[in-house]
Amino acid sequence: MNKRAIVLGVLDRIGFLRLWRSRASDRLLVVNYHRILDGAANNPFDDGVVTCTPDVLDAQLEMLTRYRTIVSMHDFVASLEGGPALPPRPTLITFDDGYADNFEIAFPILKKYSAPACFYLPAKRLQERELEWWDHIACAVKRADTGVRSVEFGGLTIDTQLDSAEGQRAATDELIGIAKETGADVESLYGQLNAERPDKSVESGQIMTDEQVREILAEPGFAIGAHSVSHAVLTTLDDDGQAFELRESRRFLEARFDVPVRTFAYPVGDDAHYNDVSRRMARSAGYACAFNFRRAARDVRVDELKPFDIDRICAPRRADAIFAARASGFFAI
Ligand SMILES: [Zn+2]
């Protein structure tokens, strides 16, 4: 542990950070998680979407409930639409992509802290029970014939070195980077890498079931939001394609679960992955707001919120005193 973390740990324990909370009182913090998996879990898919372990989630929620006020997505949308103002230090907790661990592991921890979360679910994933491109890229690389020295992907030739975990990670990152920008078809990777495609049941088992979604929705304050139909990067689509992803994902979830769906999370969500067309079409599809997932995301003053560009920060891998200091407002986020 470095000196800064030790000092902050002491400040946290003696209650100093709690005194500091007023500084963050008018700032909305939106925290995002993807998968929650134990480090020892044998994950055949993308480790890059594992945000943290169950213990870390537990510790982060303890800090967030100590320093901030976690609000439900319903209350947040109501405030955006002229309802009651948000409490001081408002915080939203969000999960993307509808992994089964969100229900099996995260949901019980969220309930323990009375921390209602919003789960962003890609429609096609729930319907077809198939994982998307990043998990297939990672799986194909993990199962690859280590002797394969190059693959063709997105019109490029990628040199690979697959005989070490680092080499596999580097290849996965490079291929995922190309897929984000080009929407390249990942199915050919299984053949090129001589890798066995996972069983349908293994793939399906990673995804929340409808019953699990209904159980989440039965818990007060918990919500679901739309995350497109196919999880395509919106800026790789033409205007009609964007309109379809925004409109149909909302319609799908509302019909399937009989709840209003008022919020959207842009797939991938950095600056290059959505644009003015996305914002305009999100508004006309009936959403009250939409969340991004920018690398440069910050907490934002509530009176400066732009409803179709709301920053979400990626929860860190650890729950240390630095996270506590950020949550308290002692450090800027
Ligand atoms: Zn996503």
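Residues are numbered from 1 along each chain as its sequence is written. In this predicted model, local features need pLDDT of at least 70 and side-chain atom pairs count only at pLDDT 80 or more, while totals for chains, interfaces and linings use all residues.

Me: How many helices and strands are there in the chain?
Reply: Helices (H or I, at least four residues) and strands (E, at least two) are DSSP runs, numbered from the N terminus. By that count the chain has 14 helices and 13 strands.

Me: What is the radius of gyration of the chain?
Reply: This radius is taken over C-alpha atoms, and the globule rule is 2.2 Å times the number of residues to the power 0.38. For 333 residues the rule gives 20 Å, and the chain comes close to that, so it is as compact as a globular protein of that length. The C-alpha trace spans about 60 × 50 × 35 Å along its principal axes. The radius of gyration is 20 Å.

Me: How far apart do the C-alpha centres of domain 1 and domain 2 lie?
Reply: Domain bounds come from an automatic or database domain assignment. Here that assignment gives domain 1 as 3–129 + 205–328 and domain 2 as 133–201. Their C-alpha centres lie apart by 28 Å.

Me: How many residues does the contact take from each of domain 1 and domain 2?
Reply: Two residues are in contact if their C-beta atoms, placed from the backbone, lie within 7 Å. The contact takes ten residues from domain 1, and from domain 2 nine residues.

Me: Are α3 and α5 roughly parallel or roughly antiparallel to each other?
Reply: Axes are lines fitted to C-alpha atoms, for helices over the stretch in contact, and angles run from 0 to 180 degrees between N-to-C directions. Angles under 35 degrees count as roughly parallel, over 145 as roughly antiparallel, 65 to 115 as roughly perpendicular and the rest as oblique. The axes of α3 (residues 54–67) and α5 (residues 100–112) come within 10 Å and cross at roughly 25°. The two helices are therefore roughly parallel.

Me: Which residues of α3 and α5 make the contact?
Reply: The residues of this contact divide into seven nonpolar, no polar and one charged; Ala, Val, Leu, Ile, Met, Phe, Trp, Tyr, Cys and Pro count as nonpolar, Asp, Glu, Lys and Arg as charged, and the others, Gly among them, as polar. From α5 come Ile105, Ala106, Ile109 and Leu110, and from α3 come Pro54, Leu57, Asp58 and Leu61.

Me: How is α7 oriented to α8, and at what angle do their axes cross?
Reply: The axes of α7 (residues 133–142) and α8 (residues 165–182) come within 9 Å and cross at roughly 150°. That makes α7 to α8 roughly antiparallel.

Me: Which residues in α8 does α7 meet?
Reply: By class, the contact of α7 with α8 has nine nonpolar, two polar and one charged residues. On the α7 side are Trp133, Trp134, Ile137, Ala138, Val141 and Lys142. In α8 they meet Gln168, Ala171, Thr172, Leu175, Ile176 and Ala179.

Me: What is the orientation of α1 and α14 to each other?
Reply: Helix α1 (residues 3–13) and helix α14 (residues 321–328) pack with their axes 8 Å apart, at an angle of about 55°. They are therefore oblique.
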